[in-house]
Amino acid sequence: MASSYLRISLPFVFWALLLSPAVSQSSSSCSSQTFSGVKSYPHCLDLPDLKAFLHYSYDASNTTLSVVFSAPPSKPGGWIAWAINPKSTGMAGSQALVASKDPKTGVASVTTLNIISYSSLVPSKLSFEVWDVKAEEAAKDGGALRIFAKVKVPADLAAKGKVNQVWQVGPGVSNGRIAAHDFSGPNLNAMGALDLTGATPSVPVSGGGEGNSKVHKRNIHGILNAVSWGILFPIGAMIARYMRIFESADPAWFYLHVSCQFSAYVIGVAGWATGLKLGSESKGIQYNSHRNIGIALFSIATLQMFAMLLRPRKDHKFRFVWNIYHHGVGYSILILGIINVFKGLSILNPKHTYKTAYIAVIATLGGITLLLEAVTWVIVLKRKSANSTKHPKP
């Protein structure tokens, strides 16, 4: 029954992570938006992610871009941001306008950020001129915030007629520093090319391919590591612990154990490699504890694999020492692997269903372990009792 449960649960839990659900846009549209001021904005865009809208006008004679960006923060008291990236398409390198409300006064204001890297999110002057900057709350639009600004578009970008825009929402502001936003699909997709003339309104809503690719890689990374460190390694340990008690299972249990652990190691190395690749592509984004545990897992699991080549014979004087090493490292891998799977789930932030399903799988393995542990002790005690009866003490 347990194996049947696992066959049903595992594909559902992990392969479902590959399908990142899209965040639907709100039923309202940018044409229905109203805001303060008398200035009109001839161009209006329903941005495809984070329920965001952009109104803008562009004066080519003086390369002035006037914008009104609207979006709801991810949580009450959160922030919104709209940016131009002069050099690339992502957030790193962007020149950002960030709006948030003061928790005491309730007044919305705008801060400028020159985002050199993801780890450098402090107020700073932008690389181009910006003025008439203000923010307001749109009470009629579910607590959305709006950013008003005029931007002097750099000459090289103005000549192209397009700028790379990035937008984002986050959960809060603490001591003047904005809290990190989610790294789910909609957040990573929130970028595109803005046509200054408004002639091709579909252009700004493209450009999410890079975000989709990263989400896909993150999901693959999560699946590989959850299956290897989080499931196959525990199952392999259970095989060695509980099958060997049956004399008829020797040496089959050993080959099953080695096959399971070696498969887990190969899959785990593939997952570890995808993690390194993701890290190299995400400058400034670091999950130190998850990363450090992953490196430790790879290191000690590699030692465990090589230790099999030095496995002494059963009657060798160092076999006892080798067994202590092998079991100690093995159980360390089990504990660290499960811990890191949960850390990875918190980073991926999938639907709660997936985390609940993984907990159910681990709980099932734990229940089976308790049952087999009890059966093992019963068998061992019966054998000891039988041996003492056959060979009574003089």
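Which side chain makes a polar contact with the side chain of threonine 64? I looked it up in this predicted model, and the partner is asparagine 62, at 3.0 Å.

**Entry 1: threonine 64.** I placed threonine 64 first: this residue sits in strand 3. Next I asked myself: is threonine 64 buried or exposed? Its relative accessibility comes out at 9%, so I put threonine 64 down as buried, since the cut-off for that is under 20%. Then I listed what threonine 64 touches beyond four places in sequence: Ser57, Tyr58, Asp59, Trp131, Lys150 and Val151.

**Entry 2: the cores.** I went looking for the largest nonpolar core and found 32 residues in it. Leu54, Leu65, Phe69 and Trp82 touch the most other members. Strand 3 (64-71) turns up again here, as one of the elements giving two or more residues to this core. Others on that list include strand 2 (53-59), strand 4 (79-85) and helix 2 (155-160). I also noted a second, separate core of 15 residues, with Leu232, Ile239, Leu297 and Val329 among them.

**Entry 3: tryptophan 82.** I checked who tryptophan 82 touches, skipping residues up to four places away in sequence. Among them are Leu54, Leu65, Phe69, Ile147, Trp167 and Leu194. Gln95 and Gln165 are on the list too.

**Entry 4: helix 6.** I followed helix 6 along residues 288-307, which makes 20 residues. From first C-alpha to last, helix 6 reaches 28 Å, close to the 28 Å expected. Its buried residues include His290, Ile293, Gly294, Leu297 and Ala301. Leu297 I'd already met in the second core.

Technical notes
Residues numbered from 1 in each chain as written. Predicted model: local features only at pLDDT ≥ 70, side-chain atom pairs only at ≥ 80, totals over all residues. Heavy atoms only, no water. Core = buried A, V, L, I, M, F, W, Y, C linked by side-chain atoms within 4.5 Å. Buried < 20%, exposed > 50% of the residue type's maximum accessible area, 1.4 Å probe, protein only. Helix = DSSP H or I, 4+ residues; strand = E, 2+ residues; numbered from the N terminus. Contact = heavy atoms within 4.5 Å. Expected span 1.5 Å × (residues − 1). Polar contact = N/O pair within 3.5 Å; in protein donor to acceptor, adjacent residues only side chain to side chain.
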